[in-house]
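Subject: Handing over a structure

Dear colleague,

I am passing on to you the structure shown here, and after it I set out what was found when going through it. Please read the notes with the structure open beside you.

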Amino acid sequence: MHKLIEGYHHFIEEADRNRYRDLARGQAPHSLVIGCSDSRIIPEAIFGAGPGELFVLRNVGNLCRVDDPAVTSAVAYAVGHLKVRNAVILAHGDCGAVKARSHLEAIDEEPIRTWLCEEGRCDGCLEEAIKAWGRCQLERLESLPLVEEARSRGDLTTGLFYFDLETLRLDRYDDGLWQEVR
Ligand SMILES: [Zn+2]
């Protein structure tokens, strides 16, 4: 606990109190990010965003499972209510979920097996597997009626990013192609 309390002390010294006072009245984030719970992947840090800018859902493996109320309620709130302009999946290098999927039978924890068992196994190198995994999540995101409608009205852009931990490179999937963000 000490580590968390110490962290709060640091936060309160640095926090922009005026910004928080404004935010206390409501939020208007520009983007929904579905990212991984992985401690190394911090959407706000990667996208240079402060409080109030990103509506973030994190789970094991950045899954956009359309049968999971945690996912569908986050998308409904962000897209339907907050009217975010972008909804993106943030996949990342060395993703433990993608690695675990390739040897699920060896995973002891039943909840992890249940969470990941519906994901497809990908051949090829880990980066390719993670990127294919991300594309699957994007397809699911785009299949949600609310997302489809907002996109067709031109109110929402969907997307997929891959963040490489080792090099800090960010790749964007657009029009069927991966390109490095520069
Ligand atoms: Zn991950």
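A residue is called buried if 20 or more other C-beta atoms lie within 10 Å of its own, exposed if 12 or fewer do, and partly exposed in between. Please also keep in mind throughout that this is a predicted model.

With that cut-off in hand, we can begin with Lys-131, which is found in helix 7, covering residues 126-143. Lys-131 has 21 other C-beta atoms within 10 Å, and because the cut-off for a buried residue is 20 or more, Lys-131 counts as buried. Once its neighbours within four places in sequence are left aside, the residues in contact with Lys-131 are Ala-91, Tyr-162 and Trp-178. Asp-108, on the other hand, stands 23 residues away from Lys-131 along the chain, and the C-alpha atoms of these two are separated by 26 Å.

Turning to the chain as a whole, its secondary structure comes to 8 helices and 6 strands, and their order along the sequence is α-α-β-α-β-α-β-α-α-α-α-β-β-β. The radius of gyration of the chain is 17 Å, which is close to the 16 Å that the globule rule gives for 182 residues, so the chain is as compact as a globular protein of that length. Taken along the principal axes, the box that the C-alpha atoms fill is roughly 50 × 50 × 35 Å. Of the 182 residues, 25% count as buried, and Lys-131, as described above, is buried too.

The next item is a pair of helices. Two packed helices are described by the angle between their axes and by the distance between those axes. Helix 4 (residues 69-81) packs with helix 8 (residues 145-152) at an angle of about 25 degrees, and their axes are 10 Å apart. Since angles under 35 degrees count as roughly parallel, helix 4 is roughly parallel to helix 8, and the crossing of helix 4 and helix 8 is left-handed. On the side of helix 4 the residues that meet the partner are Val-75, Ala-76, Val-79 and Gly-80, while helix 8 brings Leu-146, Val-147 and Ala-150. The residues of this contact divide into 6 nonpolar and 1 polar, with no charged residue among them.

Helix 8 also holds Pro-145, and this residue counts as exposed, with 7 C-beta neighbours inside 10 Å. Although Pro-145 and Ala-76 are 69 residues apart along the chain, their C-alpha atoms are separated by 9.9 Å.

Some residues in loops also deserve a careful look. Leu-168 lies in the loop between strand 4 (157-163) and strand 5 (170-174), and Leu-168 has a positive phi of about 65 degrees although it is not a glycine. With 9 other C-beta atoms within 10 Å, Leu-168 is exposed. Asp-175, found in the loop between strand 5 and strand 6 (177-180), likewise has a positive phi, of about 55 degrees, without being a glycine. Asp-175 counts as exposed as well, with 5 C-beta neighbours inside 10 Å.

Finally, Gly-52 has its place in the loop between helix 3 (43-46) and strand 2 (54-59). Gly-52 has 15 C-beta neighbours inside 10 Å and therefore counts as partly exposed. Leaving aside its neighbours within four places in sequence, Gly-52 is in contact with Leu-23, Gln-27 and Pro-29. The C-alpha atoms of Gly-52 and His-30, which are 22 residues apart along the chain, are separated by 8.5 Å.

With kind regards

Conventions: Residues are numbered from 1 along each chain as its sequence is written. This is a predicted model: local features need pLDDT of at least 70, side-chain atom pairs count only at pLDDT 80 or more; totals for chains, interfaces and linings use all residues. Helices (H or I, at least four residues) and strands (E, at least two) are DSSP runs, numbered from the N terminus. The radius of gyration is taken over C-alpha atoms; the globule rule is 2.2 Å times the number of residues to the power 0.38. Axes are lines fitted to C-alpha atoms, for helices over the stretch in contact, and angles run from 0 to 180 degrees between N-to-C directions. Angles under 35 degrees count as roughly parallel, over 145 as roughly antiparallel, 65 to 115 as roughly perpendicular and the rest as oblique. A crossing is left-handed if the near helix is turned anticlockwise from the far one by less than a right angle, and right-handed if clockwise. Two residues are in contact if their C-beta atoms, placed from the backbone, lie within 7 Å. Ala, Val, Leu, Ile, Met, Phe, Trp, Tyr, Cys and Pro count as nonpolar, Asp, Glu, Lys and Arg as charged, and the others, Gly among them, as polar.
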